[in-house]
Amino acid sequence: MSKVKKTAPWRTAVEGLPHARYLLSEAKPQDFNHIAFLSFEKPASHKRRALTNAWLDQVIPGLKESDRQELREAGNRLTTEWTSKELEREAFWNDVIRDETEQQAKKDRMEFLKAAGEQRLRSAERYLVAETRIDFELETEALEVRESTLKTPEETTLSSKASRSDPSDNATRDQVDEITKPADQVTPVQVDQYKNMYGLFGKSDMRIFKDRFHQMTPGKKWQLPSGACAEDHLYQEGLNQTYHHIVHSFIIDLESIEMRRKFGPDWKAVAARPRPPDLDEDLKDYLMTFDVATMADLQRELAKPYPHQEELDPRKHFDYKWIKDTVSLWSNMYTKSPSPFATKGLTELYWRIHVWSCIDTLFDSIDETMFLPGEGQALDSMARRNQDNKTGRKKPGYKTDGTLRTVQIPPADWLVVEGGKSLDIFGAKYLQESGWKVPREMHDILYGRMKDTTPKAARQIQIPGLVLSGPNILALVMDAPRGSCARIRSLKSLTLASDVAQFKDNIKILALLLKIKRLVFNSMELAKQRKSLLDDPLAVWDAESDQDDDVIWTLHPSPDAKGKKRLFEHPSSPLDSRKSRV
């Protein structure tokens, strides 16, 4: 039979007293105290007076009047301790007030964050509405402009290749000359669907474009055999473009099928190419000595002295030394393990150091000229952007990955280089650089070099540009033979051989770079024929026109922040539609 637990008599006695719940929570009457009572009640600070009165007027008197002796003794003890426990009571209530203050501060903080979050949401909603309205306005402007001009050109479908290797097995001297002949493949700069890629061409852009065209002097335009003017064809093509396009700067893309159709029977006159620079026969012979099939043969050729090595004028025969140094640099690529050509994820800087650092020294034999690798600002684009700048704050020029610059005063640029880590003919970076950025940089340089050059010499100046993509190199050349427009053409896209057995492919790249050097040097010599040297030195008060009819026009302004859209963001971007089909 289980035993029944007896209840202490004093517990029965306190059940009728005020605040009996606290009294019963203690193990014995000797544990009763005011601080424990307050902790049990967990009061708020505003209940301090009520609980103090209840303790003094109800709890203690009830204990003193009890029939149980232990309760009466507890009541007398609590009366005696009331004064001595004042500091403990004050500390308790201070803790209560501090906790309440912290809780209120936390509550206020949460309410503030909630209100701020709601405000940010409302701001974001207003921003999205505004951005949607701006996008809609831009689309409407573009559609209005397109509908108000001539009929929409038929969609042109092009197939493109990034590189083309020579089908023959043996390299000959004719192959060295072949690289500057017209390419029969289509490169990304030639793909018409990808050239409208840098922002919507709105009403303000169209107004500037029309004003620039109507300011051209008719007698200074490029008269074609049919009687039409090249600028008129470019103007009509520009009216049809919904997006910013190099045609708005009156640049003819000689690799464009659409341009070929636009000019019709006049295309032969438009696309007539100047004679490419040639190499010395001895230099060609030395290049062909590296047409080898094994690494041992390559090392054997490198061990031989280059021609004229013992002569006292190293600068005169600098190109021979550069060829040998470059071949030695590239030979290291075929001894690495694993092969860089089979390794993914190599950076742009890797290819820049291990392959294309030869460009840094290519022009060392040209006096007062330096190749500046790394990101730097193009001088001529900076000059164009600040020509009418009234803000008092200088605008930066295009940032390039490399620039060839003469360092005399004033300095001048002659070549631009843009690089990437890999060849992706559908990638945004490659398309932007080959179809938009590099052509605009080249145009700025061409305008700057023509501006103070005699008309006959200015029309012979050619400005090159290089697009590096991993082991691939694409060369572009721009000139302005007549009128107010410029022409851009792409040479063959070449790729460094992935195996030493195909080292003849590398000979083509060497020849290409050497011919680019010859082209630059020839342009520098032409630019020395300055118009200012022919002027009357005393006619210092003669006013000069803002636009010289003897040179090309400056670039169309870059898209502003409102109309500027990143690639693939715009729903109707031609790049986006092409990418989806791929």
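Let's start with Asp266, which sits in the loop between helix H10 (257-263) and helix H11 (267-270); helices here are DSSP runs of H or I with at least four residues, strands are E runs of at least two, and both are numbered from the N terminus. Keep in mind that this is a predicted model, where local features need pLDDT of at least 70, side-chain atom pairs count only at pLDDT 80 or more, and totals for chains, interfaces and linings use all residues. Residues are numbered from 1 along each chain as its sequence is written, and side-chain values use heavy atoms, with hydrogens and water left out.

- Asp266 is buried but has no salt bridge, and the nearest side chain of opposite charge, Arg482, is 10 Å away.
- Buried means under 20% relative accessible area, exposed is over 50%, and partly exposed is in between (1.4 Å probe, protein chains only).
- A salt bridge would need a side-chain nitrogen of Lys or Arg within 4 Å of a carboxyl oxygen of Asp or Glu; as for charge, Lys and Arg count as positive, Asp and Glu as negative, and His and the chain ends are not counted.
- Leaving aside residues up to four places away in sequence, Asp266 touches Leu224, Pro225, Ser226, Ala228 and His233, where contact means heavy atoms within 4.5 Å.

**Aromatic rings**

- Searching the whole structure turns up 20 aromatic pairs. Rings of Phe, Tyr and Trp (its six-membered ring) pair if their centres lie within 6.5 Å; planes under 30 degrees apart are stacked, over 60 edge-to-face, and the rest tilted.
- Take Tyr22 and Phe32: their ring centres are 6.2 Å apart and their planes are at 50 degrees, so this pair is tilted.
- Tyr22 belongs to helix H2 (residues 20-25) and Phe32 to the loop between H2 and helix H3 (34-41), so the pair ties together parts that are 10 residues apart in sequence.
- Phe209 and Phe250 make a stacked pair, 5.4 Å centre to centre with 25 degrees between the planes.
- Phe209 is in helix H8 (residues 203-214), while Phe250 is in the loop between helix H9 (230-240) and strand S1 (251-253), so this pair ties together parts that are 41 residues apart in sequence.
- Ring pairs also link Trp10, Tyr22, Phe32, Phe37, Phe40 and Trp55 into a cluster.

**Charges over rings**

- Arg89 lies over the face of Trp82, 3.6 Å from the ring centre, and Arg449 does likewise with Trp414, at 5.6 Å.
- To qualify, NZ of Lys or CZ of Arg must be within 6 Å of the ring centre and within 35 degrees of the ring normal.

**Nonpolar cores**

- The largest nonpolar core has 84 residues, and among those touching the most other members are Trp322, Ile359 and Leu513. Such a core is a set of buried Ala, Val, Leu, Ile, Met, Phe, Trp, Tyr and Cys residues joined through side-chain atoms within 4.5 Å.
- Helix H20 (residues 504-527) gives the most to this core, with 13 residues.
- A second, separate core of 22 residues includes Phe213, Leu254, Phe263 and Ala271.

- The peptide bond from Ser337 to Pro338 is cis, with omega near 0 degrees, and Pro338 lies in the loop between helix H14 (318-331) and helix H15 (348-354).
- His19 has a positive phi, near 55 degrees, in a residue other than glycine, and His19 is partly exposed at 27% relative accessibility.
- Phe250, which is buried at 0% relative accessibility, has a positive phi too, near 60 degrees.
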